[in-house]
Amino acid sequence: MFWVLLLVTLVALIFVMRRELGALAGILVLVGMGLASAATGHKLFAMILYIGAVVLALTGIGVFRRMWLTPSLFAMFKRVAPKVSATEQVALDAGTVSWDGELFSGKPNWQKLLENSYTGLTAEEQAFVDKQCTEAISKCNAWDVAVERADLPKEVWDYIKKEGFLGMIIPKSYGGLEFSAKAQSAVLQKLSGNEMLMVSVGVPNSLGPGELLLKYGTQEQKDHYLPRLADGREIPCFGLTGPRAGSDATSLPDTGIVCKGQFEGKEVIGLKLNFEKRWITLAPIATVVGLAFRMFDPDNLLGKGKDRGITCALVPRDTQGMEIGRRHCPIGGPFLNGPIKGKDVFIPLDYIIGGEAMAGEGWRMLVECLSVGRCITLPSGAAGAGAYAMGTSGGFTRVRRQFNTPVADMEGVQEPLARITANAYIAQCAVNHTANMVDNGEKPSVPSAILKYHLTEMQRAMLSDAMDVHGGKAVTLGPRNYLGIGYSANPVSITVEGANIMTRSLMIFGQGAIRCHPYVLDELAAKNKDDSRAFDTAFFKHIGLIFGNAARAFTLGLRIGKAQVPFDNDAKPYAQGVARFSAAFGLCADAAMSTLGAELKMRELISARLGDVLSNMYLASMVLKNWHETDKVDGEKALMQYSLNLLMYRMENALDEFLQNLPNRLVAKVLRILTMPLGRRWDKPHDDLTRTIAKLASTDTPMRNKMLKGCWTTPGNTQVDNPLARYNELLKDYDKAEELYRRVTKAYAKGKIPMEALHPEQRVSAALKEKILSEGEAEFMAQYEKNVLEMLTVDDFAFDAFAKNKDTIINHNP
């Protein structure tokens, strides 16, 4: 009987903990089971339960604990809690918390994820993607743009200005397109077939003068600049980074000193700027420079103190003292990027974005805008690049034959091909549905860091895999090479807008731990206000959450009481897996914060692994949302399962590595028992799924066509070829060609075709002569082989083509 009482008590307490029913419910369980134990003669056990009830009452009921426990806990918290700097506080206050907060809670409410369905683009936006984007990218060849010109053609610049590409975020009332975030993403995904074109369009619509003016500019500044930015009369750039300020943008040494000076013939109070900026995209051609600097007022001319903080201003290109126009040479594709310098550049206070009232508000302006721009531009470029990589890699591997078979049917090729396809699918889901959140009013600061890091890393992996499966076709540069330049340029995406190393190690979990946690922000606010009662409320809710997550993680790990999720049977196991990992993650995050305290800031590997768990949960949620809301096509189920298996494996692996490396080994062992009571449960995608995905990606299937819907797939022109369109046409004829390949190969093996007929064209001619192929079939195969050979051909150049200085050329064969 004792064991029954013990089991019932434990089950009831776990139920109370899992539902977070509070101390009173726990007390009732302990008292009730104590009475039952006493009635059945187990008085010692009853006494233990009564003591437990008293302890729980003294610590769990507010009126009691505030008399003796809360003051000492509050004092200890104030000693160990990490100090949040002013700049960190601004970053924490920027943006909003949405689904990322649900994942941090350990009990995600899936209806919150689904409350704003993905609605797609408006008819106007879709028409622009179909027509104007197609027209723009059809004028750009990667080799011509990156090597021959080191710039976009003039007709492309004229076209993107005329059609409003540079003003997608600007309202129609100022002459802009006023596109949704989803439409901006769709435009950039389509243009990402040419890296320089995507960057040239993306940057003016991301963090820069346009967005800053919209949100913070004076009416006079908006009226002057926004129409000119919208139609391309003004080309903007934004100068933030420099030799000593990269990812740590708050440390910028550039200064603006308040002083009196001459402006348009009058003495006015203004700013004397001294700055040196590097890596500024569009700087070589910019007509107006957004500039971030530290503003000082040593003589207190403005009456608001000497150190005014980071400030942003708009400086016209022709301002005296500013040096602009030189270029850097970015790796891979030399898009327009360069340095800006200024010595004793005097500007009036009116040049400050938002006027004098916004002096010192630059850091807040930047982080508030960055939370939106960072989850659109580079992630969209990565998603688009992945789709193009999948399309060309699938096409190439299907038409490229070795050992009398398409290389797409070789398992060594199928593995990277499946990875490309899954990563491209995950990237599309993530960027499309996060953009939809932006359109519904969210400013997703933590998801923007997740997308920036993980999607650009996926881009790196996808392009690397694409290079591998293309082999010699991709490593030989020239006009026919559609992969090499983008592959070479990928480190740019990894580095800019917050270097990926820093983003993973410091930002995703570091910012999320405070910003997204249900109670940490309230606890820190109570500390700053010295409000013991507010601390008591937040802290003991936090304790309840810890116990709740422990119970949820343990029971879900034992497959007891699976989470209720609003998905179909195909997706349900993955959503339940995310729910389980959410509880485990919440518990582990609290364990890391409580055992490491302020030291956690310096434990970047611990922070990075927790960030990986959070990130993969977020990405998996976006795939689930996409599966739930969009029209499904044949084959997509396998891709969804492969993608989610991969993400579940990654999040479990990150959790496992966290537990292996948490410094407090006792806590780590307890956490492992609670979060992985049955050990690891998720494997990498099965080989059967790998083979299926590779086949779907390399043949003319609805799934392939759905993934390429946002790409340029129409035929090229006499100036610019479209390899993706060529592959699509070849795949439409593949089934017919494959049957004829087999017939000819079989005949050759039986000696019906001369053994010296080694080329496919020779075998086709011989097969026609021997009546193995009809005349129509032979004509079809001859044209098919011609088209295939065109896609396999690489470029070659004159011996001296690459030497800039022809005088240095050596005649090796005189």
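The legends below accompany close-up views of a predicted model. Residues are numbered from 1 along each chain as its sequence is written, and side-chain values use heavy atoms, without hydrogens or water. Local features need pLDDT of at least 70 and side-chain atom pairs count only at pLDDT 80 or more, while totals for chains, interfaces and linings use all residues.

**View A. A salt bridge joins Glu-738 and Arg-401.** The closest N and O atoms of this pair are 2.7 Å apart; a salt bridge here is a side-chain nitrogen of Lys or Arg within 4 Å of a carboxyl oxygen of Asp or Glu. Glu-738 sits in helix α32 (residues 734–749) and Arg-401 in strand β8 (residues 401–402), so the pair links distant parts of the chain, 337 residues apart. Helices (H or I, at least four residues) and strands (E, at least two) are DSSP runs, numbered from the N terminus. Glu-738 is buried, at 9% relative accessible area, and Arg-401 is buried too, at 19%. Buried means under 20% relative accessible area, exposed over 50%, and partly exposed in between (1.4 Å probe, protein chains only).

**View B. Here Arg-609 meets Glu-657 in a salt bridge.** Their closest N and O atoms are 3.4 Å apart. Arg-609 is buried, with 14% relative accessible area, whereas Glu-657 is partly exposed at 30%.

**View C. Arg-726 and Asp-721 pair through their side chains.** This salt bridge spans 2.8 Å from N to O. Both partners are partly exposed: Arg-726 has a relative accessible area of 32% and Asp-721 one of 38%. Elsewhere, salt bridges with shared partners join Glu-652, Asp-656, Arg-672 and Arg-680 into one network. Over the whole structure, the search finds 43 salt bridges.

**View D. The second largest pocket has a volume of about 720 Å³.** On a 1 Å grid over the protein atoms alone, a pocket is an open set of points with protein on both sides within 12 Å along at least five of seven lines, and a cavity is a set where a 1.4 Å probe fits but cannot get out; lining residues have an atom within 4 Å of a point. Grid points are joined across faces, edges and corners, and a volume is the space filled by probe spheres set on the points. Of the 26 lining residues, Tyr-118, Asn-432, Lys-706, Lys-709 and Gly-710 are the closest to the centre of this pocket. Helix α18 gives the largest share of the lining, 4 residues.

**View E. Phe-165 lies in the largest nonpolar core, which has 178 residues.** Such a core is a set of buried Ala, Val, Leu, Ile, Met, Phe, Trp, Tyr and Cys residues joined through side-chain atoms within 4.5 Å. Trp-110, Ile-160, Phe-165, Leu-191, Leu-197 and Phe-658 touch the most other members. Helix α25 (residues 572–596) gives the most to this core, with 15 residues. A second, separate core of 30 residues includes Leu-207, Leu-229, Phe-238 and Ile-310.

**View F. The largest cavity holds about 30 Å³ of space.** Leu-166, Ile-170, Pro-204, Gly-210, Leu-229 and Pro-236 line this cavity.
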